Amino acid sequence: MRKEFLFMALATVALVACKKEPTPGPEPETDLPEWYYTGGKLGTTTNLTSMTFRQPTPATENAGLGTMFAQGDQIAEKPFVTNETGRQHGLGPVYVRSSCQHCHPNYSHGTSVPAGKYDAENVGNGTLLVVINPATQAYVPWLAGMPQLFGAAPFKAPLDPDQITVTWKTVQDEHGNKFADGETYELRYPEVKMPNTAVYVYNQGYRDPDGLLESQGYEVKLENTIGVYGSGLLDAIPDQDIIDQYAKEAADGKLKNGLNPAFWNGGFQTTGYYKNDPQWGPKRFTYALTRGPIMDAAGANAIWNITNVTRSDRRYHYLDLNGTIYAEYASKDPEVQAAFGTEQQIKDYLLSKELPAEMTDDEFTQVMIWHRGLAVPAARNVTDEKVLKGKELFTQIGCDYCHRPSWTTGPDEVRDPNNFKGFTAAMPRYPNQKIWPYTDMVQHKLCMENDIRTGWCRTTPLWGRGLHKKATGDAYEARMHDTRARNVIEAIMWHGYSSESDAYWPTQQFYKLNKEDRDAIVAFINAI
Amino acid sequence: MKKKILWISLATLTLIACEKGGTEVTSDKEAALQQAVTPYVNNTVIATYCAMADAGITLLDQCEQILDKVTKGEDYAQLMKDADASWRLMRKHWEQSEAFLYGPASAHNIDPHIDSWPLDFNAMNALLHDQSRMAQIEEEGGAYVGDKLGYALKGFHAAEYLLFESVIQDGRAVGTGKPHATNLTHAEAVYLLGIVEDLTQQAILLEYAWAGEVNAAKMKLLEEGEIEPYEDKYGWQMMNAGKAGSIYVTYQEAAEEIVAGCIDIAGEVADLKMGNPYISSTAEERDYIESPYSCTSTTDFADNIRSIQHAYCGAQTGDHAVSNYVYRQDADLDTRVRKTIDDAIAAIEQIENFENTAQNNPQVKAAIDKVSALEEILNDEVLPLLSK
């Protein structure tokens, strides 16, 4: 059970101050700045221990949802199993990971990926393997967009993680990775090697019509998770405010790559709305901005398709992008047939749309209360002079253009595109909160070496990320979409690696700062 | 049922270095909490993990003998009883460590590695009939189990299933708490040995990660498994808050972590470990019971609260602890915390036959209330006091 530590109602706190001449009387007091409450007063936790990302929001507790939050937490934490009955049952027939915790250690973002064998079994490795056609940037049809790495016997894993390796390469930027004062930094990026023999359907005889398997012409990238906390608060940002942000950035004309035309092309595009429907608002979740309201966003999806645990509104399996290739080849596999049945029986099972629900509706509701109820850690060191200096510089050099500091939530009506049995009524809500996620909720291009798929990437919220090492024990901060940046400096300098990057100008301003000022910005970013 | 607390973390605002002639207003507090942290690390955390690993080594030896007897077709009833006792002892130390699941147990995933449930019976059955993988377990032992098997196939509960008797009721394995019959197959005995070797290695890793060293016998077990120990020196980090290399900036922060660990396990015991079986209404909910084969649930819960007791009061007579600091600030609060701990343990130990009677059992409800009260006083009063 994770506890909420509700911050002091009074907005002041005694400062522990040192004075040259100690004077009797009450300690001086100072106002806590509003950016201390990163998630607003309804969404911030002041528990800053290693369990910080596991805390419920005050709104969750206020609504009397603490026990359901704890139950959802337990479902997210425990591995699912391949049993046919009982708690956490239903894992497979193929799956990406067996628990939420695997990719979100202590509900932080995934940890740094080490060189060598890709270890999908390890809790902490939150990266997904992104296998694409480089010509179209589309996912290959013979795997899922999030390829499964495990099979529940007798089914075989679509990809064999033991055959996949990660190598870290380094590059130099225009400054030779060195500041004028001599301080150096390293820019590294991952390369993933995956032989065809790691692909189950290839081993079973499948060849794709584009010839990517034959030529080994596909690309494999890493894409790390981000923290689960604070998602409910981002869900509460009014639709129009997000659209206004697009309009502002379009009008400013400051971005080298402009805006993703799927979202803004002289106006907000229908394709920018979730399900192409204005009632669900602009897409706001995932790097690729593929998802809208949180009730049908990454977490609601992942609890089903990462584990392949069915539920009443998803009584089918997540297989490959094409939909039938895995089923076709698994059904012909003599070893699967020996254990499961005939080719037709295997196909019927894998492709059925009417499987029994393995997760109950109550359990799914608990998971979503937990998901929407995870608090954001309060900002740290908010009176520290170095941090305050960094805050000022963060704005001065233009970091805050994309890493927009704050938003104000709307009435937070909680929408569910799936209309899942009215369970939106049970959710914690965050109306009218000033929140500090440090993201503009818009995609930009950084044009990095071995970049993210398509190059477009939603500005990642910076809140809480300075606590990642403490929460996970990771040796590094694991910043950027594939954990390439081990610390804030590396992350910033990747933003200006290419002169084509939307963030090239502010990065060069950062480069020109002296060490004290650079360190101040780093301290600020780690404090928020 | 849920509580609101007031806690402002001054760790977010302090410490401020003092100029000559200034007053270091936190120094007394820091000194007091430093005194509490050192025995906590040495006598509570490291001593617990050391004892857990010791019990694991004994259990490992017994499981090696069981495999030998199974292979030769000899009787091993007494060995099974002895192994059960060793498992219970190792389990006791683990449960008495659950107030400090932060740090290495969490960062290196040792908690889910050794204490995940429910078991994956389908996968276990497939494994036991897979000659190729069983041959690898026989050859590589704990190293294979540790690296290649999912969390639902290893750790305490997989070992528990093979060491204790269970009977099938409504298609489900239900434990009796008695020793497993001496009918293990060769594959099961090989698997048991692999699980226990991995479990013991994980216990040694915990001890090493906190202490920075273990004895030669334990080091040898790691070396045999080609396992690199974790060089966290977490105990050093906690005892050296504020120094370069420590993740703790102040002893206050370290003390907050200690108490937050206590709150965390108290909440889990009340709301989930006891709470879920209490409110369960179907046979499936039996899966909520954490140690269903050894039937040690109430022992586990009481040991969880003892873990809090050791963290808050100190494990050995005369140990300085967070309690000493709380007593100096608010003697009545300290007295109430100690009494709440005692009351919680007593209420848990009143429960009879938890595994079969938890649902709507008033004894369980009484224990939940007592443990919730402990969670509440630590959360609402002790933590704010530390953070003042």
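Predicted model: local features only at pLDDT ≥ 70, side-chain atom pairs only at ≥ 80, totals over all residues.

The dialogue below takes up domains, strands, helices and backbone geometry in turn.

Colleague: Which domains does the assignment give for chain A?

Modeller: Domain bounds come from an automatic or database domain assignment. For chain A the assignment gives domain 1 (12-66), domain 2 (75-227 + 301-351) and domain 3 (231-289 + 375-401 + 436-527). The centres of domain 1 and domain 3 of chain A, taken over C-alpha atoms, are separated by 25 Å.

Colleague: How many residues of domain 1 of chain A are in contact with domain 3 of chain A?

Modeller: Two residues are in contact if their C-beta atoms, placed from the backbone, lie within 7 Å. On that basis, 20 residues of domain 1 of chain A are in contact with 15 residues of domain 3 of chain A. The side of domain 1 that touches domain 3 in chain A has nine nonpolar, 11 polar and no charged residues. In this scheme Ala, Val, Leu, Ile, Met, Phe, Trp, Tyr, Cys and Pro count as nonpolar, Asp, Glu, Lys and Arg as charged, and the others, Gly among them, as polar.

Colleague: What is the strand order in the open sheet of chain A?

Modeller: Strands of a sheet pair through backbone hydrogen bonds, either parallel or antiparallel. Here three strands of chain A form an open sheet in the order β7-β6-β11, with antiparallel pairing. Strands (E, at least two residues) and helices (H or I, at least four) are DSSP runs, numbered from the N terminus, and two strands pair if DSSP finds at least two bridges between them. The edge strands, each pairing on one side only, are β7 (138-139) and β11 (219-223) of chain A. Strand β6 (residues 128-133) of chain A pairs with β11(A) over five bridges in the antiparallel sense, and A:Leu128 has A:Glu223 as its bridge partner in β11(A).

Colleague: Over how many bridges do β1 and β2 of chain B pair?

Modeller: Strand β1 (residues 164-169) and strand β2 (residues 172-179) of chain B pair over five bridges in the antiparallel sense. B:Val167 stands opposite B:Val174 in β2(B). The hairpin has two residues between its strands, and B:Asp170 takes a positive phi near 50° there.

Colleague: At what angle do α14 and α15 of chain B cross?

Modeller: Two packed helices are described by the angle between their axes and the distance between the axes. The axes of α14 (residues 322-329) and α15 (residues 331-349) of chain B come within 5 Å and cross at roughly 140°. That makes α14(B) oblique to α15(B). Axes are lines fitted to C-alpha atoms, for helices over the stretch in contact, and angles run from 0 to 180 degrees between N-to-C directions. Angles under 35 degrees count as roughly parallel, over 145 as roughly antiparallel, 65 to 115 as roughly perpendicular and the rest as oblique. B:Ser323, B:Val326 and B:Tyr327 of α14(B) meet B:Ala331, B:Leu333, B:Asp334 and B:Val337 of α15(B) in this contact.

Colleague: Is helix α8 of chain B mostly covered or uncovered?

Modeller: A residue is buried if 20 or more other C-beta atoms lie within 10 Å of its own, exposed if 12 or fewer, and partly exposed in between; C-beta atoms are placed from the backbone. Helix α8 (residues 156-163) of chain B is mostly covered, with eight of its eight residues buried. Its buried residues pack against α2 (77-95), α4, β1 and α9 (186-211) of chain B.

Colleague: Where are the cis peptide bonds and the positive phi values?

Modeller: Most residues other than glycine have a negative phi, and most peptide bonds are trans. A cis peptide bond joins A:Ala153 and A:Pro154, with omega about 10°, and another joins B:Trp117 and B:Pro118, with omega about 0°. A:Asn308 has a positive phi near 60° and counts as buried, with 25 C-beta neighbours inside 10 Å. A:Asn419 has a positive phi near 50° and counts as exposed, with 12 such neighbours.

Methods. Residues numbered from 1 in each chain as written. Chains lettered and ligands numbered in written order.
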